[in-house]
Each structure stands twice: as structure tokens, then as C-alpha cells.
Amino acid sequence: MSNKIKTFRPILTCIFALLLCLNSSFANDNNDGAVAEPTHEEKFKPTEVIFEHISDSHDWHFWGEHEHAVSLPLPVIIYSDKGFDIFLSSAFHHGTHPYHGKYTYILKNDHIKVVDETEVVDDAATSKIIDFSITKNVASMFISVAIILSLFLSMAGAYKKNGIAAPKGKQSFLEPLVMFVRDEIARPNIGAKADKFLPFLLTIFFFIWINNLLGLLPIGANLTGNIAVTLTLALITFIVVNVNGNASYWKHILMPPVPWWLYPIMIPVELIGIFSKPFALMVRLFANITAGHIVVISLVSLIFIFKSMAIAPVSVAFALFIDVLELLVAFLQAFIFTMLTALFIGSAIEEHHHDDAHAEGAHAKHH
Amino acid sequence: MELVTPGIGLVFWTSIVFAILFVLLAKFAWKPILGAIKEREQSIEDALASAEKAKEEMKTLLSNNERILTEARAERDELLKDARDIREKMIAEAKGLATKESERLLQAARENIQNEKMAAITELKNQVAVLSIEIAEKILKSELSSDEKQKSLVNNLLQDVNLN
């Protein structure tokens with residue numbers, strides 16, 4: 001497994017290095033600009049653009065800037081000690097106006113803040129509200145769910161209609177993927193009880209994959225590159241793995257097969273292992289998808305940074321290359337997430353003898 | 001830092017949406033799809049197994065045919081051999097019979113000839129005897145026609161007796 005992560009490490013390193021360069025260089029630029037041309041409004045700030053694209057938003061932004069922006073307003077749902085406030089994000093007029101509900105809210109950097117009468121942010125009150133808004137990511141998730149449901153419900157309908165006949169149309173495209181998850185992910189890693197976990201693995205695989213692909217669309221949301229989403233998915237895996245963990249799994253954690261005096265070290269290590277596995281899942285998906293988006297936007301931003309059309313062909317060529325790579329990554333990350341989930345489930349429900357398992361482990365390490 | 005701070009709203013919606021998606025898909029999509037795939041695999045497996053069985057049966061059938069054919073051929077050969085044997089036996093028998101018959105005929109002929117010969121010999125003997133008697137009669141008649149001759153005969157005979 002670590003081999004796969006290692007394969008992506010160079011790419012990730014490059015991406016973060018690039019990001020850091022951009023960050024620092026434009027931070028300098030901004031400072032210089034601020035000193036030299038304090039009134040210049042049109043200064044291009046790539047970090048802002050990048051972060052706007054990879055962050056969640058209360059508007060589904062299509063084009064245009066600030067007051068001239070064309071965007072789809074989304075519902076804002078805020079829960080506070082005074083109850084729910086539900087309104088459309090267009091009430092903020094792209095962050096220029098406050099909204100007077102049970103509190104007075106403003107939209108600042110796409111975050112909803114509570115302000116007092118003088119329009120000064122009230123941090124104490126802000127910390128008390130919970131934002132349950134249908135943000136761009138949530139809306140995108142609804143769309144993805146609609147797509148997934150329509151795909152698979154119609155596929156299921158085709159099976160009801162055609163019975164066990166050879167697959168046709170949509171079936172013949174989706175069936176190999178379903179079979180792939182079953183035969184290459186679930187069964188090799190889980191074994192005999194694989195079919196019990198198959199619905200979960202299939203759901204998680206297609207949810208991640210479809211959302212990865214939707215994120216690649218020009219106005220798509222960076223859903224699977226959002227830490228909250230990957231956190232939730234990793235949390236679900238964590239729950240599924242540990243709820244299904246059998247006696248030998250827990251015994252391995254609480255009574256590791258080492259001399260008793262090593263228990264003070266080993267038990268904490270094993271306990272950390274329970275959490276580090278889903279944590280790695282969370283970070284891997286988040287970092288891979290976000291990094292891809294950052295690279296594409298950075299490449300396009302080059303045109304505006306150099307303020308030259310001559311750079312456009314280079315940017316477009318590179319962006320196209322990265323986009324095609326991202327198509328692969330979209331599938332690969334869905335695969336890795338599902339595969340590791342299957343692996344964790346497999347190790348949690350496996351009935352094994354400790355001595356054998358460790359002998360094999362030690363053996364493998366020597367190679 | 002903002003990038004790695006999960007928003008509670010999104011966690012909430014993701015949980016809800018994923019749970020609903022899972023329930024719906026599990027009940028209305030994965031169950032029929034996986035069921036149909038399994039059923040199809042089972043039917044393919046069965047079809048393959050029955051094809052294998054049919055092949056096996058065909059093989060036994062073929063080998064049966066082969067066996068029957070071989071048997072038939074063997075039987076034919078046997079029949080032919082028998083026929084040949086019978087023919088040869090018949091010929092031999094016929095030959096034997098013919099030989100015997102001819103031998104018998106020859107024997108009969110030979111016997112016949114012998115009989116005829118014997119009869120002829122007997123006849124001849126009888127003729128000779130008759131002739132001899134007749135001759136003897138005539139000689140006796142002539143010998144005994146005169147007394148002298150009778151005397152000389154008696155003398156002759158007596159001489160012979162003395163010699164004995």
C-alpha cells in the first residue's frame with residue numbers, strides 16, 4: 001500500500017513546492033504593488049483565485065468579479081441559540097450587504113459572521129452559530145447523488161427487464177466497474193465475507209469517483225478535495241471497520257503478541273493505528289484532489305501573471321495534460337480509498353493466529 | 001489553515017447524503033444488480049458444466065459407437081471366417097464322400113470283376129472238366145476197344161504201381 005502512496009509523493013511534493021513558490025512570490029508582489037501602486041485595483045492575485053476555486057462557497061459562482069459576478073444563489077441555513085435562519089445567499093449581494101435575521105449576518109471571505117449594530121464582527125456570537133447552509137459543495141453533492149442514483153437505478157431496472165441476458169448500453173459500461181470493485185477490491189482483501197461489505201464499498205467508490213469527475217468540470221465544486229467531506233468518508237470507514245472488528249482484531253490491539261513489558265509502548269501504538277489509518281485516508285484524498293485543482297488553476301493563472309497571450313498555449317497545453325492526469329487520479333483515488341477501506345475491513349474481520357501473522361510480517365520486512 | 005478546517009455543515013450534509021445514498025443504492029441498485037450478476041454467473045457456470053457433461057456424454061457415446069462398430073466388425077470377421085470354415089468343411093466333406101464313393105464303386109467294380117472272373121474260371125473249369133471227361137471217355141473208348149489194348153493198359157498200370 002505504501003508503494004502507491006510513494007508513487008504519488010513526488011507529484012505531491014512538486015505541487016506543494018509550486019504552491020509555496022506562488023504563495024511567497026505573490027505575497028512579495030502584493031507588498032511591492034501596495035507600496036508602488038496603492039490605488040491599482042486590477043492587480044491579479046493568484047492565491048486568492050486559487051483559494052476561491054478550491055474552497056467552499058455560499059454562491060455557485062460562474063463568472064465575473066465582486067458586484068458583477070454571475071452566480072447561482074444558494075440557501076443559507078444558520079442555526080443559533082435563537083433558532084434557524086433560512087434565506088438565500090443573494091441577500092448578501094455578493095458580500096456587500098448584511099442580512100438581518102435573528103442576528104445580523106455578513107458574508108466575509110465566504111464565511112458568515114455575526115455583526116453588531118455598527119457592523120463590527122462579533123466573534124463571540126459568531127462562534128455560537130452553526131452554518132448548515134446548502135453551499136456549493138453540498139449542492140454539487142446533491143447533483144452527484146442524483147447522477148449516481150439515476151445511473152444505478154436505471155442500471156438495476158435494466159437487469160429487472162433483461163434478466164440475466166448479456167449487458168446492454170449503460171449496463172455494459174457500469175457492470176465492469178461493479179465487477180472490478182467486487183473482484184479486484186472487495187474479494188481479494190476481505191475474503192469470504194466480501195459480499196456483505198460490497199454495497200458499502202460500491203457506494204463509497206462511485207461516490208468518490210463521480211464527485212472527483214464532477215470536480216474536474218470547469219464550474220464544478222472541489223467536493224472530494226474538501227477536508228470535511230474526506231473526514232466524513234474516513235469517519236464512516238472508521239466506524240465500519242471498528243464496528244465489524246472481531247475478537248482477534250481487538251485482541252491484537254489490546255493484547256499485542258509481544259512480551260508483557262512492551263505493552264506500555266505497543267498498546268498506545270496499536271491504538272494510534274486505529275485512528276491513523278482513516279486519518280491517512282482523509283488526507284490522501286483531500287490532498288490529491290486539491291493539489292490537482294491547484295495545479296490546473298496555477299497553470300491558467302500564469303497567463304494573467306505574465307499578462308501575455310504568448311504564455312497561453314503553454315499554459316493550456318500543461319493544464320490539458322494535468323487535466324487528463326486528473327482523470328486518472330480521479331479514478332485512482334476512488335480506487336485507493338475503496339481498496340484501503342476493504343483492506344482495513346479485511347484485517348478487522350480476519351480470523352488469524354497471531355504467531356503466524358507476525359512471522360509473516362517479520363518475513364516480509366526482511367525482503 | 002482554513003483549507004484543513006472541516007466545516008460542520010459540510011460534515012453534516014455529507015453524512016446525511018451518504019447515508020441516504022447508501023440506503024437507496026443498497027436496496028434499489030446493488031441488490032438487484034449484484035443479484036443479477038450472480039445469477040448470470042451461476043447460469044453461465046451451469047451452462048458450462050452442462051456443456052462439459054454433454055461433451056462427456058458425447059465422448060462416451062462416441063466411444064460406445066466405436067465399440068459397437070468394432071464389435072460389429074469383429075462379428076462380421078467371425079461370420080466370414082465361419083462361412084469360410086463351413087465352406088471348406090463342406091468341400092472337404094464332399095471330397096471325402098466322393099472319394100469314399102468312388103472307392104466304394106471301385107471296390108464294387110473290383111469285386112464284380114473278381115466275381116465275374118471267378119465265375120468265368122468256374123465256368124471254364126466246368127467246361128474243361130466236361131471236355132476232359134468227354135476226351136477221357138473217347139480215349140477210354142478207344143483204349144478199351146480191343147483186348148490187347150486193355151491188357152497193355154493193365155500192364156502199364158501195373159508197372160507204375162510196382163515203381164511206386
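With which side chain does the side chain of Tyr103(A) make a polar contact? The partner is the side chain of Asp81(A), at 2.7 Å; a polar contact is a pair of N or O atoms within 3.5 Å, where within protein one must be able to donate a hydrogen and the other to accept it, and residues adjacent in sequence count only if both atoms are side-chain atoms.

The model is predicted, so local features need pLDDT of at least 70 and side-chain atom pairs count only at pLDDT 80 or more, while totals for chains, interfaces and linings use all residues. Residues are numbered from 1 along each chain as its sequence is written, chains are lettered from A and ligands numbered from 1 in the order in which they are written, and side-chain values use heavy atoms, with hydrogens and water left out.

Tyr103(A) lies in the loop between β5 (99-100) and β6 (104-108) of chain A. Helices (H or I, at least four residues) and strands (E, at least two) are DSSP runs, numbered from the N terminus. With a relative accessibility of 17%, Tyr103(A) counts as buried, a class that means under 20% relative accessible area, against over 50% for exposed and partly exposed in between (1.4 Å probe, protein chains only). Beyond its neighbours within four places in sequence, Tyr103(A) is in contact (heavy atoms within 4.5 Å) with Ser80(A), Asp81(A), Lys82(A), Asp85(A) and Val114(A).

Chain A as a whole has eleven helices and eight strands. Of its 367 residues, 44% are buried. Among contacts in chain A with a separation of 6 or more, 62% are between residues 24 or more positions apart.

The contact between the two chains takes 52 residues from chain A and 34 residues from chain B. Together the chains bury about 3600 Å², 81% of it on carbon and sulfur atoms; buried area is the accessible area (1.4 Å probe) that two parts lose on being put together, summed over both. Phe132(A), Ile164(A) and Thr203(A) supply 16% of the area that chain A buries against chain B, more than any other three residues.

Three salt bridges are counted between chain A and chain B, each a side-chain nitrogen of Lys or Arg within 4 Å of a carboxyl oxygen of Asp or Glu. One salt bridge links the side chains of Asp195(A) and Lys38(B) (3.1 Å, N to O). The largest share of the side of chain A that touches chain B, 13 residues, comes from α4(A). By class, that side has 36 nonpolar, nine polar and seven charged residues, where Ala, Val, Leu, Ile, Met, Phe, Trp, Tyr, Cys and Pro count as nonpolar, Asp, Glu, Lys and Arg as charged, and the others, Gly among them, as polar.

On chain B, Thr14(B) is found in helix α1 (residues 8-143) and is buried, with a relative accessible area of 0%. Its side chain reaches the backbone oxygen of Leu10(B) at 2.5 Å. Not counting residues up to four places away in sequence, Thr14(B) touches Met141(A), Val229(A) and Thr232(A).
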